[in-house]
Amino acid sequence: MIGIGRLFADGESNVPSLGAGSPAPAISVDPSEDDSVIDSDPPPSPSTSPGRAQPETVAYAFASAWSNHKGVTPKAWRDRLLPNATKNLANELDGVDPAGVPADRVVGKPSLVPVGATVVNAVVTMDSGKLNLRLVAPDGHWLVDGIDWDGS
């Protein structure tokens with residue numbers, strides 16, 4: 001990158017040196033010489049065990065139960081989420097007051113971004129923002145393992 005920046009510079013070097021006499025790092029265009037940790041191949045498609053719900057279905061069911069928070073006790077609300085949540089997430093939700101849920105209903109189908117065969121991110125459009133869910137399925141049974149809210 002430094003070498004590329006120097007190509008477009010006006011010839012004056014205001015950029016600090018990497019060290020006395022250090023050459024700029026070499027960049028190769030040969031893919032066999034690529035030692036980066038970023039994989040350019042698309043992630044594998046999500047894998048579901050026979051008879052189990054697809055990740056879209058789990059994400060929709062979880063988002064629907066999450067947004068159905070009015071007039072229910074924290075325990076009843078959490079109990080509705082448990083069939084589609086990992087034990088870790090269930091523990092995190094213990095004691096959460098559903099009155100703080102910023103959405104009242106699902107308004108769109110979940111869109112999936114596969115991360116791997118056993119991990120996907122789902123984005124569910126709600127009436128007041130987007131619910132981002134991380135789903136995992138180490139044994140082919142999809143469960144929500146993480147929640148993030150985007151109110152924009």
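Me: How many aromatic pairs does the count come to?
Reply: This is a predicted model, and ring centres have to lie within 6.5 Å to be counted as a pair. By this rule the count comes to one aromatic pair.

Me: At what angle do the planes of W66 and W149 lie in their aromatic pair?
Reply: The rings of W66 and W149 are 5.6 Å apart, centre to centre, and the pair is tilted. Planes under 30 degrees apart would count as stacked and those over 60 as edge-to-face, whereas the angle between the planes here is 35°.

Me: How many residues apart are the two members of the pair, and which parts of the chain does the pair link?
Reply: W66 lies in helix α2 and W149 in strand β4, so the pair links distant parts of the chain, 83 residues apart.

Me: Is W66 buried or exposed?
Reply: Because a residue counts as buried under 20% relative accessible area, the value of 6% places W66 in that class. W149, by contrast, is partly exposed at 26%, while W66 is buried.

Me: Which strands do the buried residues of α2 pack against?
Reply: Helix α2 covers residues 55-67, and its buried residues include V58, F62 and W66. These buried residues pack against helices α3 and α4, and also against the strands β1, β2, β3 and β4.

Me: Which are the edge strands of the open sheet?
Reply: The open sheet has four strands in the order β1-β2-β3-β4, with antiparallel pairing. A strand at the edge pairs on one side only, and the edge strands are β1 and β4.

Note on methods:
Residues numbered from 1 in each chain as written. Predicted model: local features only at pLDDT ≥ 70, side-chain atom pairs only at ≥ 80, totals over all residues. Heavy atoms only, no water. Expected span 1.5 Å × (residues − 1). Buried < 20%, exposed > 50% of the residue type's maximum accessible area, 1.4 Å probe, protein only. Contact = heavy atoms within 4.5 Å. Phe/Tyr/Trp six-rings, centres within 6.5 Å; stacked < 30°, edge-to-face > 60°. Pairing = 2+ DSSP bridges.
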